[in-house]
Amino acid sequence: MPATVVVGSQWGDEGKGRVVDLLAADADLIVRYQGGNNAGHTVWVGDERFALHLIPTGILRNKPCLLGGGMVIDLGVLLKEEAELTARGVAVRENLRIGDNAHLILPYHKLVEAAEEERRGSRAIGTTRRGIGPAYEDKIARRGLRVGDLADPKRLREQLSDLVSYKNLLLERIYAQPGLDADEICDDLLSKYEQIAGCVCDASVATHQALSKGRRVLFEGAHGTMLDIDWGTYPFVTSSNPLSGAVTAGIGVGPQWLERIVGAAKAYTTRVGAGPFPTEVAEDVASKMRDTGGEYGTTTGRARRIGWFDAMVVRKSARINGLSALAITHLDVLSQFETVPVCVGYTCDGEALSEFPNDIDVLSRCQPVYESLPAWEEDISGVRSFSDLPANAQAYVRKIEELVAVPVSHILVGRQRDQSIIV
Ligand code: IMP
């Protein structure tokens, strides 16, 4: 059973890109199964920083990569990302395939999203404004366009004429914005499709063929479990399922192929956008960690909110994803503290909670219960084996394992490829 899934076990930005890059070295195919260019995976290769939004991180290992059917794709962003990577010597065209049932992000999705965020005012979700939510809305409402629809120009023009007249009603009458021209959108899509037509495939068939031949497939999750539309901190979530289970629906493969589910977890916690965050710390502590950890959004550049490690969050992730291992990232960022608090539980209205609540109002009333662990002063960025970590850093990792009840398989101690420890 050769498939591994990497998921984010917090609110995204756990360093999944780094973890995928590490595991992709031994993979034969890397597949994204959900989300779109709201994701941002940062990988350093030597002195070069790569920020990927759509194309799987495995492309940097010169491996075959696939954008699966569960994704929403902005073709303009895809072509730009491809051009930028190609200009830097990455072989994209040879390696990239695109599932024909992936949905398209269209210009009206971005306009409607921006207008809706403005309308919500103080209740805004704080989305990345990439059109993700409206594109998934249309998918579920059965008025989406898929990559495969671009192969039939006549039918596409008819579909767009109907869709754009509907969207224009929304833009003009609800949001008081100018409408769009269906033919212009159609022409633009067709010219973009010409450039990708040779890469379009049936993602299920392609993945299944690889799995059946015993090839090692790596499913690259995006965002994080707490941003999951069903199990995250709704409504402050993204519009897809970043969970491991979404691989099966997103790619069209059976769950029996999924052998190993690796949850990426920062040694502390971050979140961007609005919504409750029980272990969030005051700005003086946050700014220290933000600077050392480079905690600014890869996609939007926003400063990330920062908090201590929250075992309630990662324990929920372990349950929902069926985590078989944890990859702890950014452990080096904690070197600067004398003690490091870890959230071991919550109380709400004076009562202890045994599990992370699904209800956002309950969550916003939760108080973290902390256990303070002694930190370590040593710089650990050069450490390459678990036994060489300072005793307190080892104890910190062991405490996370104990609280989450999942073994730690990897520890990352810096941004470079080799700054990793296999436990
Ligand atoms: P959307 O995915 O653009 O609709 O944004 C919804 C929420 O998810 C916002 O709070 C975003 O900041 C957050 N979000 C979406 N993708 C990511 C990610 O990759 N990392 C961190 N937060 C994300």
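**View 1. The side chains of Asp 13 and Arg 304 are joined by a polar contact of 3.3 Å.** A polar contact is here a pair of N or O atoms within 3.5 Å, where within protein one atom must be able to donate a hydrogen and the other to accept it, and where residues adjacent in sequence count only if both atoms are side-chain atoms. The model is predicted, and local features need pLDDT of at least 70, side-chain atom pairs count only at pLDDT 80 or more, and totals for chains, interfaces and linings use all residues. Residues are numbered from 1 along each chain as its sequence is written, and side-chain values use heavy atoms, with hydrogens and water left out. Asp 13 itself is found in the loop between strand 1 (3-8) and helix 1 (16-24), with helices (H or I, at least four residues) and strands (E, at least two) taken as DSSP runs numbered from the N terminus. Apart from neighbours within four places in sequence, Asp 13 is in contact with Lys 266, Thr 270, Val 272 and Arg 304, contact meaning heavy atoms within 4.5 Å. The C-alpha atoms of Asp 13 and His 41 are separated by 7.7 Å, although these residues are 28 apart along the chain.

View 2. A polar backbone atom of Val 272 lies 3.2 Å from an oxygen atom of the ligand. Taken alone the ligand exposes 470 Å², and the protein buries 97% of that, the areas coming from the Shrake-Rupley method with a 1.4 Å probe and, for residues, with only the protein chains shown counting as cover.

**View 3. The shell around the ligand holds 16 residues, of which Asn 38, Thr 128, His 223, Thr 238 and Arg 302 come nearest.** A residue is near a molecule or strand if one of its heavy atoms lies within 4 Å of it. Six residues of this shell are nonpolar, eight are polar and two are charged; in this division Ala, Val, Leu, Ile, Met, Phe, Trp, Tyr, Cys and Pro count as nonpolar, Asp, Glu, Lys and Arg as charged, and the others, Gly among them, as polar.

**View 4. Helix 10 (residues 311-321) is mostly covered, with nine of its eleven residues buried.** Buried means under 20% relative accessible area, exposed over 50%, and partly exposed in between (1.4 Å probe, protein chains only). The buried residues of helix 10 include Met 312, Lys 316 and Asn 321. At the start of the helix, a side-chain oxygen of Asp 310 reaches to within 2.9 Å of the backbone nitrogen of Met 312, and just after helix 10, Gly 322 takes a positive phi of about 65°.

**View 5. Leu 334 lies in the loop between strand 15 (325-329) and strand 16 (339-348).** Leu 334 counts as buried because its relative accessibility is 0%. Not counting residues up to four places away in sequence, Leu 334 touches Ala 267, Tyr 268, Met 289, Trp 308, Val 340, Ala 375, Trp 376 and Tyr 396. The C-alpha atoms of Leu 334 and Gly 179, which are 155 residues apart along the chain, are separated by 50 Å.
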